[in-house]
Amino acid sequence: MHPDSRRFSQTVTNAVNRYLSHFVASNPAVTMAVLTSNDGFEIAAQPANRASTQRLAAMSSSMRALSDALVVEAGMSKCRTLLIESEAGAIVVFGIANTEPSMSLAVVASASNPLGHTLWACRNCCSLLEDVLKSG
Amino acid sequence: MAADQELKIVFTGPMGAGKTTAIRAISDLPPVSTEVINSDKETHAKSTTTVALDYGQLVLDGGTTVNLYGTPGQERFSFMWEILCRGALGVVLLIDASSETAMADFRTFIEYFRRIRYDQPFVIGVGRHLSQDGYHLEEYAKELSTHEIVAPLFEVDVRHREDVLLLVQTLLCVLEAQVVEASHAS
Amino acid sequence: MSWNADRKLVVEIVTVPTEPIPDLGQYVLTYPFKARQALELLLRLETRLTTPTDVAVVGRGQPQGNSPDHQRGKWEFVEILRTLNPSLSQKDWFVGQRNGESLFWLSGDGLTYLTAPSTAQAIRSGTIDLSDVVLVPAHGSKPNPILRARASIELRWFAGYYASEQLAPWLLSAMQYNLTRWPDFGAIRPAPSQIRIAAVLSIEPISLSQLVERSKSSLPEATRTLNALATCGALAVVESQSVAKRSPRKTSATPRKGFTRFFLEIRKHLGLGV
């Protein structure tokens, strides 16, 4: 478990894991969801206890940082969402607003559901996570 | 005007070894950085850490661009090391001798980069020695010898541009010697 | 016999003679010999080498003229450095003296030396003749604490580099040379030509003439650099016929306009010199 998850109370950590678990269960297209610190540590993940979620945490933080740099280079303000589409599905990295330290939610989804629906569900999940983490 | 051709030199090494500083010392443009706040101060006290890459550039007179890439230092980002080293002219490894894990880091990076491409030009700069303690480069030299690696190993301070230039000059000389050898063999 | 006069240890390996051999030294192995005999001899040598003496090595009086002895005299101090046994601790010291004047302090482990900045600069520029320097054990004395520690590789490099424009006595132009380790160029700060020479030697064993050609340097520069590398213990000497041809390394990206132009452009851009 990453040191940052210890920064939050057990109540908050349990709530985060519950929301992620519910999010994955109620969106069949979602195969993996990882709450990540900006420096690449896994804070919470569903499914839990997989080496793949740790790698996804590190890689998604790298991609997010590159996206931030690209957005600045393009004269735009800040990267909000990063979307990678493949034939089999998509990977989306959402910034969680107003958290300290900064975090992202990385979601891997298959193409079985329309992408728009998956994005909508992800944004809802991010809002709930933001509320929980702010209260922690 | 688009660059005629792009080539690259990679700076690697553990966190805090001076990769960003080294690139900044020679890049024509202010380097692009992907530094974020370091949330794991227990492992390293540095306030920020690179999570993707540092990027600098040399734009030569003939239109050739040489990209300077700095890798992230922590092993969880090791997937970036191989990606960035692909097709590189050479690699500069920087080590922070004041770190408690300096020798372990040295071993990790030596083994990893030799596994990627054993004959890629490779120079090593060791910094932040405690000079009052005497001369410590011998420990690193012995470690290289254990791995049967003959690579440039210098004591440097990458805050000084001339030290970074020494590393780059040596890398170029090794690459040049390989090119000459290849032309004699063919 | 001249090596014995210099108090250098000599091991003689002889085959079983049909006639008695006069004037054999005290360290002799008669072939064929058992491994145990070689080990016993090595232990005797170790005892001899680790026993402190009043003077580490004393050079002979400097011969005059251009004779081989005169050439050899130029290498006295380099020989002292090469044969110095670094078995003492870092806290023990030797004092480098010339004509009774102390020039520098050398640590017992051979890794660092201390001297005034002006002396260091003179060593680096070759304006001080080191050939008649002797090393004297300090017998517990300590150097002035204001002197800054410097890597002894600097002393070794420049002592070897400036000793002579001819090859060192232990190097032969007919042999091939290969770099076994890189000296710390961070401490030495060599000229670009010297870095290039070291790089060429690091690729594969080559002769002096091949070195001159491939490094695009002059014969004196290649010779001096070879001497310096040998003094730093960075060279292996191989017999030409024993070198197996190695398959050439592949370089990765190739500049579209060719490497020659690329090296010129990048060196010019960074102010590195050719």
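Four bridges join strand E1 (residues 30-37) of chain A to E2(A), and the two strands run antiparallel; strands are DSSP runs of type E of at least two residues, helices are H or I runs of at least four, and both are numbered from the N terminus. Val34(A) has Ala45(A) in E2(A) as its bridge partner.

This is a predicted model, in which local features need pLDDT of at least 70 and side-chain atom pairs count only at pLDDT 80 or more, whereas totals for chains, interfaces and linings use all residues. Residues are numbered from 1 along each chain as its sequence is written, chains are lettered from A and ligands numbered from 1 in written order, and side-chain values use heavy atoms, without hydrogens and water.

The open sheet of chain A has five strands in the order E2-E1-E5-E4-E3, with antiparallel pairing (at least two DSSP bridges between two strands). Strand E2 (42-46) and strand E3 (81-85) of chain A each have a single partner strand, so one side of each lacks a neighbour in the sheet.

| Helix | Strands touched | Angle |
|---|---|---|
| H2(A), residues 10-26 | E1(A), E2(A), E5(A) | about 35° with E2(A) |

The contact between the chains takes 18 residues from chain A and 17 residues from chain B.

How values were computed. Contact = heavy atoms within 4.5 Å. Axes fitted to C-alpha atoms, helices over the stretch in contact; angles between N-to-C directions.
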